[in-house]
Amino acid sequence: WELSDGTRLTAGTTATNTLSSAGFDPVAFDPITGFSSAPTVLSQSQTSSGPDWITTRIGNVSSSGFELAMQQEEALNGGFHAMETIGWLAIASGAASDGDTLLEARTTDASVDHTADTVPFSQSFSGTPALISKLASYRGPDPANLRVSAVRPGSFEALVHEERSADAEIGHIPEAVGFLALDGRSGTLSGVGID
């Protein structure tokens, strides 16, 4: 899809049972997408086939694709997980608008760890935007998820949250954060399909 200002985005699903302890699966963008640089990528499990807690992790994002894996709680992450469907969205990084909705998609540098950090927006939002965010790197192998709080018109707070199934340690190396912030009245993002 392409927004009225030329910003491109694409979304899809992939089926996987790969845990990060076994490696990552490659996911390729359709060449028609035409990203000129690495986009911001967000992912989420869309099924609940296995009974164990999972989160998704991505790595090695480029203009042509990215790598994807799941993580179970640390005590079980070396084992097996059922096949799950993972949904993903990739959008060109930067500030954008579809004529009604102001948005910003960005991937930070690897600067967010287990202590709360402020992530500033570059876009000037008139109010508190809707925010979708996810860890956007795989620097630390311990199972982790992103926690967000204090979303404001100019920034939000984020930290990397590990769980304690294998040990009590929750310190985590700094990771990159991917986010999409949207501020609009209609609740609809408008674009045209790219052929």
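What follows is a chat about the strands, salt bridges and aromatic rings of a predicted model.

Trainee: Before we start, what kind of model is this?

Mentor: This is a predicted model, where local features need pLDDT of at least 70, side-chain atom pairs count only at pLDDT 80 or more, and totals for chains, interfaces and linings use all residues. Residues are numbered from 1 along each chain as its sequence is written, and side-chain values use heavy atoms, with hydrogens and water left out.

Trainee: Which way do strand 1 and strand 6 run, parallel or antiparallel?

Mentor: Antiparallel: strand 1 (residues 9-16) is joined to strand 6 by 8 bridges. Two strands pair if DSSP finds at least two bridges between them. As an example to look up, leucine 9 sits opposite isoleucine 91 of strand 6.

Trainee: And how many bridges are there between strand 3 and strand 6?

Mentor: There are 6, again in the antiparallel sense, with strand 3 made of residues 40-45. Find leucine 42 there, and you'll see leucine 89 of strand 6 opposite.

Trainee: I clicked on threonine 10. Buried or exposed?

Mentor: Threonine 10 is buried, at a relative accessible area of 16%. That residue belongs to strand 1. Leaving out residues up to four places away in sequence, threonine 10 touches Phe29, Thr33, Phe35, Trp88, Leu89 and Ala90; contact means heavy atoms within 4.5 Å.

Trainee: What about phenylalanine 156 and phenylalanine 179?

Mentor: Those two form an edge-to-face pair, 5.3 Å centre to centre with 75° between the planes. Phenylalanine 156 lies in strand 12 (residues 155-162) and phenylalanine 179 in strand 13, so the pair connects parts 23 residues apart in sequence. Phenylalanine 156 is buried at 0% relative accessibility, and phenylalanine 179 is buried at 0% too.

Trainee: New topic: what's the strand order in the open sheet of 4 strands?

Mentor: The order is 7-8-13-10, with antiparallel pairing. At the edges are strand 7 (94-97) and strand 10 (130-135), each pairing on one side only. Inside that order, strand 8 (residues 102-107) and strand 13 (residues 177-183) pair over 6 bridges. Arginine 106 has phenylalanine 179 as its bridge partner in strand 13.

Trainee: Arginine is charged, so which salt bridge does arginine 106 make?

Mentor: Its side chain meets that of glutamate 104 at 3.1 Å, N to O. A salt bridge is a side-chain nitrogen of Lys or Arg within 4 Å of a carboxyl oxygen of Asp or Glu, and the count comes to 4. Arginine 106 is partly exposed at 24% relative accessibility, whereas glutamate 104 is buried at 1%.

Trainee: What else does the side chain of glutamate 104 reach?

Mentor: The backbone nitrogen of glutamine 123, at 2.9 Å. A polar contact is a pair of N or O atoms within 3.5 Å; within protein, one must be able to donate a hydrogen and the other to accept it, and residues adjacent in sequence count only if both atoms are side-chain atoms. Glutamate 104 lies in strand 8, and its contacts beyond four places in sequence include Gly94, Phe121, Phe179 and Leu180.

Trainee: Give me one more salt bridge. What does glutamate 2 pair with?

Mentor: Arginine 8, with the closest N and O atoms 2.9 Å apart. Glutamate 2 is partly exposed at 25%, and arginine 8 is partly exposed at 23%.

Note on methods: Helices (H or I, at least four residues) and strands (E, at least two) are DSSP runs, numbered from the N terminus. Buried means under 20% relative accessible area, exposed over 50%, partly exposed in between (1.4 Å probe, protein chains only). Rings of Phe, Tyr and Trp (its six-membered ring) pair if their centres lie within 6.5 Å; planes under 30 degrees apart count as stacked, over 60 as edge-to-face and the rest as tilted.
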